[in-house]
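Open the structure in your viewer and get ready to select residues.

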Amino acid sequence: MANTGADHPVIIGQAGPLNGERWIIAESITIGRDADCNVMIPDRQVSRYHARLTPGEKGVLLEDLGSKNGTFYEGKRVEDPVYVQDGGLVQIALVQNFIFLSSDATVPLGPGVTGMEPKGGRLFLDVRSRRVWLGQQEVVPPLSVPQFRLLYALYEKRGQVVSRNDLVSVIWGDAEAEGVSEEAVDALVRRLRERLATIDPQHAYIITVRGHGLRLDNSE
């Protein structure tokens, strides 16, 4: 059973049997198939004691507990303990995804939930849980962090053209922006378009305005 509380780190289940449930990380929690685990995932691909999340002064530490099918953070297998960041994606084997939030003071659950502020249109996203919907269908698995930042930068502008320089700063940060190539930006845009097209191939969401930048077409 998911815990409740406020102002603590939290994980929210996505794209798996625990989709929509959440757990407060007020103390160390264990994820696995065994009934003694704080977060139990009833699937044979999940080890009895699969992974652990431990809060501390430096943040929340994610550890793999010698699982057979692996624990993954942002798509990379966890070999050594790693600190998870706000909005980070934790995957248990190929069974269950979790989004990590540094605080559960505001935990959105889906489109139309009290406290959410949809901007209108066929695409809806929530920045806290890094979830995206096209119509009533959620984009699963979740977008990568760079893909989500790109989409959010366009979403916030409500159809306005955003320059490539501004997008690079939002996605990679000012400190790394100078080292980002045109090819890297193009590749990121292409991957995001492909992800959206898997759900809604009839609509071109990301429009290139040559010589100016990109804009989001979020018309109904």
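Start with glutamate 138. Show its neighbours, leaving out residues up to four places away in sequence: glutamate 138 touches Gln14, Arg131, Val132, Trp133 and Ile199. Now colour the strand. Glutamate 138 lies in β14, which covers residues 137–138. Is glutamate 138 buried or exposed? Its relative accessible area is 18%. Buried means under 20%, so glutamate 138 counts as buried.

Next, the helices. Select α2, residues 164–172, and α4, residues 182–197. Their axes come within 12 Å. They cross at roughly 80 degrees. Angles of 65 to 115 degrees count as roughly perpendicular, and α2 and α4 are therefore roughly perpendicular to each other.

Show the side chains where these helices meet. From α2, pick Arg164, Val168, Ile171 and Trp172. From α4, pick Glu182, Ala184, Val185, Asp186 and Leu188. Which classes of residue make up the contact of α2 with α4? Six are nonpolar, three are charged and none is polar.

Last stop: confidence. This is a predicted model, so colour the chain by pLDDT. The mean pLDDT of the protein chain is 84. A share of 86% of its residues reaches 70 or more. Now select residues 1–6. Here the pLDDT is below 50. Beyond near neighbours in sequence, this stretch has twelve contacts in the model. Then select residues 105–118, where pLDDT also stays under 50. The model gives this stretch 20 contacts beyond four places in sequence.

Note on methods:
Residues numbered from 1 in each chain as written. Heavy atoms only, no water. pLDDT = per-residue confidence, 0-100. Contact = heavy atoms within 4.5 Å. Helix = DSSP H or I, 4+ residues; strand = E, 2+ residues; numbered from the N terminus. Buried < 20%, exposed > 50% of the residue type's maximum accessible area, 1.4 Å probe, protein only. Axes fitted to C-alpha atoms, helices over the stretch in contact; angles between N-to-C directions. Parallel < 35°, antiparallel > 145°, perpendicular 65-115°, else oblique. Nonpolar A, V, L, I, M, F, W, Y, C, P; charged D, E, K, R; others polar.
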